Amino acid sequence: MSFKDILLTLTSYPEPTPISVIDDAVSIANALGAHLAAVACEVHVQVPGHFLAGTIANIPGIIAGEDQKSRNNARDMLAAFDAAAEKSGILHETFLEKCPTFAVADRLVDYARLRDLTIVPVPEEYDQWYAEAVIFGSGRPTLILPQSLRPRPFEPGTVAVAWDFSRAAARAVADALPLLEIAKKVRLVTVSNEKAIDSKHSAEELAKNLARHGIDVLLDRVDANGRSIGEVLETYTAAHRTDLLVMGAYGHARWREFILGGATRSLLSKPPLPILFSH
């Protein structure tokens, strides 16, 4: 398995995706020898009719201005993406969509289902609807990139794998193999005294499995000591200067609302580092 076809989602509204995220995505595609596509949506901002009743404000003019802002952001980001990809020499393409704000998430899921991996940038303070939709709706692995500026482009130097012997964790390990194979160091971390692990030897057995792929693994066991898994993993990845965290995504979609597991919700709401989620 390898990642040969990667998608980058770009947000045009209310704020554009930072250029640093584009540089990170290009670096990832370059390291994997993959084709990279970028999709951006020009959104049409919709305001419920009852908000307009009895108002003297120029609501249509305001909406037109916001639509233009989204249009300009989308086109500028795709132009920046083209420039970065051309400079790096990777194979690439762009897609420009037009849709109302409520339809953006579904449009991104449609694109993600046809790619090996989807990169979704996540602002520090933001409704994580797009990321949740892709993680739980695409059927493919999703790489979450925080939008905070970093001193250098992303590279998988040290990768941590959160392992609890669950189906989701096993899926995440399998999906992340192309990144684990090029990482300089892989750490397998199991959090104890937080929930029951089906097999106390499962980490050692997984290490043997990864060794057959040419991946050397360091095994770590961390006592939760009353902390949530999200807190433990955030502290652990910071202490080991981790470049990427691999973990299973827990939760499900019911109608238009996502019911997320505790660690998934905690880390997705404000990702401290790039995270590959698989569901």
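An open sheet of 10 strands runs in the order β3-β2-β1-β4-β5-β12-β9-β6-β7-β8, with mixed pairing; two strands pair if DSSP finds at least two bridges between them. The strands (E, at least two residues) and helices (H or I, at least four) are DSSP runs, numbered from the N terminus. This is a predicted model, in which local features need pLDDT of at least 70 and side-chain atom pairs count only at pLDDT 80 or more, while totals for chains, interfaces and linings use all residues. Residues are numbered from 1 along each chain as its sequence is written, and side-chain values use heavy atoms, with hydrogens and water left out.

- Axes here are lines fitted to C-alpha atoms (for helices, over the stretch in contact), and angles run from 0 to 180 degrees between N-to-C directions.

- How many residues of strand β4 (residues 117-122) are buried? Six of its six residues are buried, so the strand is mostly covered; buried means under 20% relative accessible area, exposed over 50%, and partly exposed in between (1.4 Å probe, protein chains only).
- In a regular strand the side chains alternate between the two faces of the sheet.
- In β4, Leu117, Ile119 and Pro121 point one way, Thr118, Val120 and Val122 point the other way, and all are buried.
- Strand β1 (residues 5-10) pairs with β4 in the parallel sense over three bridges, and Leu8 stands opposite Ile119 in β4.
- Strand β5 (residues 142-146) also pairs with β4 in the parallel sense, over five bridges.
- Across that pairing, Val120 stands opposite Ile144 and Val122 opposite Pro146.

**Thr142, a buried residue of β5**

- Thr142 is found in strand β5, and because its relative accessibility is 0%, Thr142 counts as buried.
- Which residues does Thr142 touch, not counting those up to four places away in sequence? Thr142 touches Leu117, Thr118, Val120, Val134, Ile135, Ile275, Leu276 and Phe277, where contact means heavy atoms within 4.5 Å.

**Helices on the sheet**

- Helix α3 (residues 59-88) lies across β1, β2 (35-44) and β3, and runs at about 170° to β2.
- α4 packs on the sheet as well, touching β1, β2, β3 and β4, and its direction makes about 150° with that of β3.

**Helices packed on each other**

- Two packed helices are described by the angle between their axes and the distance between the axes.
- Helix α4 (residues 104-112) packs on helix α5 (residues 129-137) at an angle of about 40°, with the axes 9 Å apart.
- The residues that make this contact are Val104, Ala105, Leu108, Val109 and Ala112 of α4, together with Trp129, Tyr130, Ala133, Val134 and Gly137 of α5.
- By class, the contact of α4 with α5 has nine nonpolar, one polar and no charged residues; Ala, Val, Leu, Ile, Met, Phe, Trp, Tyr, Cys and Pro count as nonpolar, Asp, Glu, Lys and Arg as charged, and the others, Gly among them, as polar.
- α1 and α3 pack at an angle of about 35°, with their axes 10 Å apart.
- From α1, Ile19, Ile22, Asp23, Val26 and Asn30 meet Met77, Ala80, Phe81, Ala84, Ala85 and Ser88 of α3.
- The contact of α1 with α3 divides into eight nonpolar, two polar and one charged residue.

**The buried face of α7**

- Ser202, Ala203, Leu206, Ala207 and Leu210 are buried in helix α7 (residues 202-211).
- Why do the buried residues of α7 line one face of the helix? Seen down the axis of α7, they fall within an arc of 140° and so line one face, the arc being that of the directions from the helix axis to the C-beta atoms.
- Among the elements that cover these buried residues are α6 (167-182), β7 (185-192) and β8 (217-223).

**Backbone details in the loops**

- The peptide bond from Tyr13 to Pro14 is cis, with omega near 5°, and Pro14 lies in the loop between β1 and α1 (19-32).
- Asn225 is not a glycine, yet has a positive phi of about 50°.
- Asn225 sits in the loop between β8 and α8 (229-239) and is exposed, with a relative accessible area of 65%.
- Arg241 is another residue other than glycine with a positive phi, near 50°.
- Arg241 belongs to the loop between α8 and β9 (244-248), and with a relative accessible area of 71% Arg241 is exposed.
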